[in-house]
Amino acid sequence: MKIFNSYTNKLEEFKSIHKGVVNMYVCGPTVYNYIHIGNARPVIFFDTVRRYLEHREYKVNFVSNFTDVDDKIITKALELEVTEKEVTDKFIAAFLKDVERVNSSTDYTKPRVTNYMDHIINYIVILVKKGYAYVVEGDVYFRVTNVENYGGLSNRNIDDLISGSRVEVNDKKENPLDFTLWKKTDVGIKFDSPWGKGRPGWHTECVAMIDDIFGEKIDIHGGGSGLMFPHHENEIAQSMVLNNHTLAKYWMHNGLLNIGGSKMSKSEGEVVLVKDLTVDANAFRLFTLSTHYRSPITYTDEALDVYVKEWEKISRIYSALFLKLDLEDSLVGNSKINPDLLATYKELLTAMDNDFNTANAITALQNLTKISNQMIRNKTENSVLLSALKLFENFFEILGLKLKKQPLSIDDKNTYKLWLKARTDKDFAKADIYRDTLQEKGII
RNA sequence: GGUCCCGUAGCCAAGUGGCUAAGGCAAUGGACUGCAACUCCGUGAUCAGCGGUUCAAAUCCGCUCGGGACCUCCA
């Protein structure tokens, strides 16, 4: 299995630090608003990564944080005249609902910044003590120039960054690139610290959480490519000072989702919220996974419609297989795989093994769909159809697609048989009535 | 101003040095079918442009054009 490591910019053979276990961390949301479908991309993608690793029989320890201390949260709380906690509780609940809405697992460890304040402050104290951070009037800044290889992840060098014309002007900083570890605040929620009341900067929480939860370098650190600089760069810098390692063995970054020619962003432009999605979650998932995760995706209604149809096609054949086997009491029993079916499974593994090439995995699923349609048409024996059905379930499990069928009741089976009989007897009036009944129940 | 990414058929998209450039949607011809739906079979591109490296390039290098990201909170 190969993973493209953003840290080395290379496709590398994946080898977990501990045999059979993968420790992974994905940067989670700042909870001050509903998430949009661009935010859903890393949710879906890293959920798929997890599913595949589990399919490959790794025990995956999946952690993703909630940033529940932030200026935007404070602003929102003031605006709504509620406490910060009320804001974050509301949007954490909303986030988890959206995660479920896109068929992703919510069964993971979810640390919050407010529960990590002691750890964070403790880290900042150490950074100051070691000379990598400095205190100015109640603020604490990280001294970027002291870290060797700063910019290694995003392939930037300090000189290029400084020459950039958009670097923020802040007289308190020794260097414009230095980032805030602790910020003295007057407005909103604040916490006690050795430097006075304030709140932590954004970049320390992930390091503190990873260190506390895993206690060592982890296997995979994921997030959107927008986080690579400066967030992940800053995480690495702090981790190097604190623990002398780069925090994660493999860094993975997903590309952004664009709409109307530019990226979807909460602060500007057009946004589609996950909670407002009207299409089937499976279709949305297929859409998201149909482009390689490192490439940008452009959202359009038309593109999404293609996958609505695609999912209908896939669910139709799955249902047809299930129905046929059910009617012939062949849902349990021996299954027999044939070379064509086996080839699609191998295609799936090959695709996913190659840096989670979900686009090709979906192609494999489409091939399975076509083959299954051919087999039903060719009256292939049930044991083979059963293995096709089971293979679909493997695909669904890995890609996070949800489709559950229940065996028919005796009555429904009878109706189905009556329909077939009426057709054989060319009693089409009666046949149409049975067909309507079956269609109403969603059986055919 | 600096750094970086991308440009494959009408649309989406895989492929990043070597057989006839995957797959899907749309279109179109055919088959199946009581009707409809579904489904199956067939049909399309030399890879933005130009130049170079190589026995061999969509894939590497250079330039040009076009689109985008980052350098500020952002998945």
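The model is predicted, so local features need pLDDT of at least 70 and side-chain atom pairs count only at pLDDT 80 or more, while totals for chains, interfaces and linings use all residues. Residues are numbered from 1 along each chain as its sequence is written, and side-chain values use heavy atoms, with hydrogens and water left out.

Begin by selecting strand E3, residues 21–26; strands (E, at least two residues) and helices (H or I, at least four) are DSSP runs numbered from the N terminus. Five of its six residues are buried, so E3 is largely enclosed by the rest of the structure; buried means under 20% relative accessible area with a 1.4 Å probe, protein chains only.

Val-21 lies opposite Lys-59 of E4. Now show helix H1 (residues 37–55), which forms a right-handed β-α-β unit with E3 and E4: with the strands pointing away from the viewer, the path from the first strand over the helix to the second runs clockwise.

Next select strand E9 (residues 218–224), paired with E3 in the parallel sense over three bridges. Here Tyr-25 has His-221 as its bridge partner.

Finally, select helices H4 (residues 117–129) and H7 (residues 228–243), whose axes come within 10 Å and cross at roughly 75 degrees. H4 is therefore roughly perpendicular to H7, a term covering 65 to 115 degrees. Tyr-123, Ile-126 and Leu-127 of H4 meet Gln-238, Val-241 and Leu-242 of H7, where contact means heavy atoms within 4.5 Å.

How values were computed. Chains are lettered from A and ligands numbered from 1 in the order in which they are written. Buried means under 20% relative accessible area, exposed over 50%, partly exposed in between (1.4 Å probe, protein chains only). Two strands pair if DSSP finds at least two bridges between them. Axes are lines fitted to C-alpha atoms, for helices over the stretch in contact, and angles run from 0 to 180 degrees between N-to-C directions. Angles under 35 degrees count as roughly parallel, over 145 as roughly antiparallel, 65 to 115 as roughly perpendicular and the rest as oblique.
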